[in-house]
Amino acid sequence: MSYSDSDSSSGAGDYKNFRQISRERLLYEMLRSAKVKDSKSTWKVLIMDKVTVKIMSYSCKMADITSEGVSLVEDIYRRRQPLPSMDAIYFIQPTKENVVMLLSDMSGRTPLYKKAFVYFSSPIPRELVAHIKKDSSVLPRIGALSEMNLEYFAIDSQGFITDNGKALEDLFGDEENTRKGDACLNVMATRIATVFASLREFPFVRYRAAKSLDPMTMTTFRDLIPTKLAAGIWNCLMKYKSIPNFPQTETCELLILDRSIDQIAPVIHEWTYDAMCHDLLNMEGNKYVHEVPSKTGGPPEKKDVLLEEHDPIWLELRHAHIADASERLHEKMTNFISKNKAAQLQHGSREGGELSTRELQKMVQALPQYSEQIDKLSLHVEIAGKINRMIRDQGLRELGQLEQDLVFGDAGMKDVIKFLSTNEAASRENKLRLLMILAAIYPEKFEGEKGLSLMKLAKLPPEDMTAVNNMRLLAPPSDAKKSSAGAFSLKFDIHKKKHATRKDRSGDQETWQLSRFYPIIEELVEKLGKGELSKDDYPCMNDPSPSFHGTSQATPIHEAPVAHSMRSRRTPTWARARSSDDGYSSDSILRHASSDFKKFGKRIFVFIVGGATRSELRVCHKLTGKLNREVILGSTSLDDPPQFITKMKLLTAHELSLDDLQI
C-alpha cells in the first residue's frame, strides 16, 4: 500500500486537517500518480462505483479532478465507449462484481482502455487478487494495483460518515437480527479503519462498555454494539500494522459511542445558524434554493447555492446563535455601505433614522459594480430573515425554552400538558419532538396506556407515537432499570426547584436565549482530553485488562444530580460577547490555524453509531480550540431532526415504507 509524502499523523510536519488530507490523497496520490512515464497521453478516464463516486464528491470538486488530467468520469456499471488510446483510473470497492467488470473491460484483443490504474477503497481479499493475476491478457495492461484504504465520506473539515444510513434500524430495531447487525458493523468497522490508514494514525480504541442490569441478566446485542464495533476496528487495524509507514505505537484516541448515550440531541431545537438552516428550510443536503432579482425586471429567478466551507460568511456564522448571526449580518451590511461612496450617496438621499437589514440589502443590490461582493451577503441576509420569521410564526422561542427547561430539570410533566393545551396551533412535528424529549427523560410516563392521553392531547396520529414509544429502544439498560422506580421520581416533579452541579453564571454572561443545551459528547470528550474518562465505563481495546471485554458493572458516568435532570447546568460559552475569542467558533480556529495547528496535540476521534447531529459536530469544532487537539466526529450518518424521526418510526414499523412516514 502506498501513502502520500506528507506526514499526516498528529503532531508531525505541517498540520493539515482531516478533509485536506483526504482530498490530497485522492488528487495527488491517486489521480496524479496514475501515469506511465513515457506516455504522451495526458488525459485519463476515471471509473468509479456508487460508493467511491460519493467518496470523491465529498472531498473534491469536478475542477480539482479535471486539473489532474481527468477528461471523463464514468460509472463502472454503465455501458461505456471504448477509448483504446486513453489510460483509465479505476477507483472501486474490492468486490467480486467490480473485479469481474474490470477484467471484462481490460481482457481480450480489444480492451476498452490502454492501461488500467486500479485503486481499491479498502483492503482487497487475496482470492480477488489471484483472480486478476490469473488473466494473462489483463496483467500487462495493469499500470498500478493498489489499496487506497479510503472508504469514508468527509462531510466536514472535522467530520466523516460511513454512510450506513440504515444502522439505526438494523442495530436498534425491536426485532434483533444478529446476522444483519453483524454485517452492518463489519462494513462500518472496515470504513472507520480506513480513516486511520489514510491519516497514518494508530488509535487507543475506547468504547462504551456493555452494562447488564445484573449478573444474571443476559447482555443484549443492542448493548454490545460499541464493544463489537471496537473489536471489528481493532481487527482491521492489526492488519494495517504490517503495512509500511503505519505507526506501531498509539498516535491518537478513538472513542466509540452509540445513539443511546444521548437520545435528546437529535430532536431538540438547536439554535445555531447551521442547524436552523437544515432544520427549518427543507434543504437538500447543503443545497439552498435562493431567489435573486431578475436582471430583465421580470419575476425573481431561482438559483441553487451550496452552503459549504468555501463560503467565508457561512464558515464564520454557521456555529453562531441565529440571533448573533443576524446581528453580524446587519453589521456587515452597514460596514459595506460605510466604506462605499456610491452607497453613502444613496443612503444620504433617504430620510434619517436607522435602516433595516432588508433596506440595506436593497441599497447595495443597486450597485452593480459590487454585485460579486454582495451576492453572498444578500444570500445570508435572506436566509437569516426567513429563519427569524419562521421562529416567530411557529412560536419556537416558547417551545425551545420548554425543551431546555425539561432537559435541565426546571420543567416537568405539568408544563408539557400546559403547553399542549394552550398551543394547539403548534406544528405536528414540533409537538412530536417535545414528546420524544419527554419520553427520553420520563420513560415511565409512556408505559402501558399512559402515553395515549398525551397522544390525544397533542392530537398526534399513531405513527407519530410509534417514534415516541421507540425512544425506549435507545435507552441504555441502566436507564430502563431506573424507569421501573418511576413513582419515586414523580414525587419530585410537582415541587421541583432549580438545581445545578455548579454555579449558574449565565445571568452575567448570557447574550442569547436558549443557549444552555449541550450534547453529552461535549462532557465525554472533555474528560477524555483531560485523561479523566472512566476506564470502567469506557474501557480500552489496547489494554488487556478484565474490562477489555466490556464486562464491567461500574456505575454509569452520567448520574443525574436531581431527578430527571439530564444535563448539569453549564455556562454557555457560545453565548458570550463576540469580543471574547475563546477558540469556539470555526472562524476563530481558522484564524489561528497557521500557528496553532503545528502545536496541536494528538487527534481525538469520536464515532457515534446510529447517526450524529449538527450540535455534536459543532461541539467538536469548539473542543478543537479548547483542548488544542483536532477533534474529529464520525458517524453512520449526519441526521437532521426530520430524518431521525423517520428512522425512529422504522425501528418497529417494518411493514411501512418511507413514503408513509413523512411528516
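You're looking at a predicted model, where local features need pLDDT of at least 70, side-chain atom pairs count only at pLDDT 80 or more, and totals for chains, interfaces and linings use all residues. Residues are numbered from 1 along each chain as its sequence is written, and side-chain values use heavy atoms, with hydrogens and water left out.

Switch to cartoon view. There are 27 helices and 13 strands; these are DSSP runs, helices being H or I of at least four residues and strands E of at least two, numbered from the N terminus.

Next, select Ser157. You'll find Ser157 in the loop between β6 (153-156) and β7 (159-161). Is Ser157 buried or exposed? It counts as buried, because its relative accessibility is 11%. Now show what Ser157 touches: beyond neighbours within four places in sequence, its contacts (heavy atoms within 4.5 Å) are Asn17, Phe18, Arg19, Glu309, Arg318, His621 and Glu630.

Last stop: the largest cavity, with about 110 Å³ of space. A cavity here is a set of points on a 1 Å grid over the protein atoms alone where a 1.4 Å probe fits but cannot get out, and lining residues have an atom within 4 Å of a point. Select Glu270, Ala275, Arg614, Asp640 and Pro641, which lie nearest the centre among the 13 lining residues. Then colour α9 (273-280) and α26 (614-627), the elements that give two or more residues to that lining.

Terms used
Buried means under 20% relative accessible area, exposed over 50%, partly exposed in between (1.4 Å probe, protein chains only). On a 1 Å grid over the protein atoms alone, a cavity is a set of points where a 1.4 Å probe fits but cannot get out, and a pocket is an open set with protein on both sides within 12 Å along at least five of seven lines; lining residues have an atom within 4 Å of a point. Grid points are joined across faces, edges and corners, and a volume is the space filled by probe spheres set on the points.
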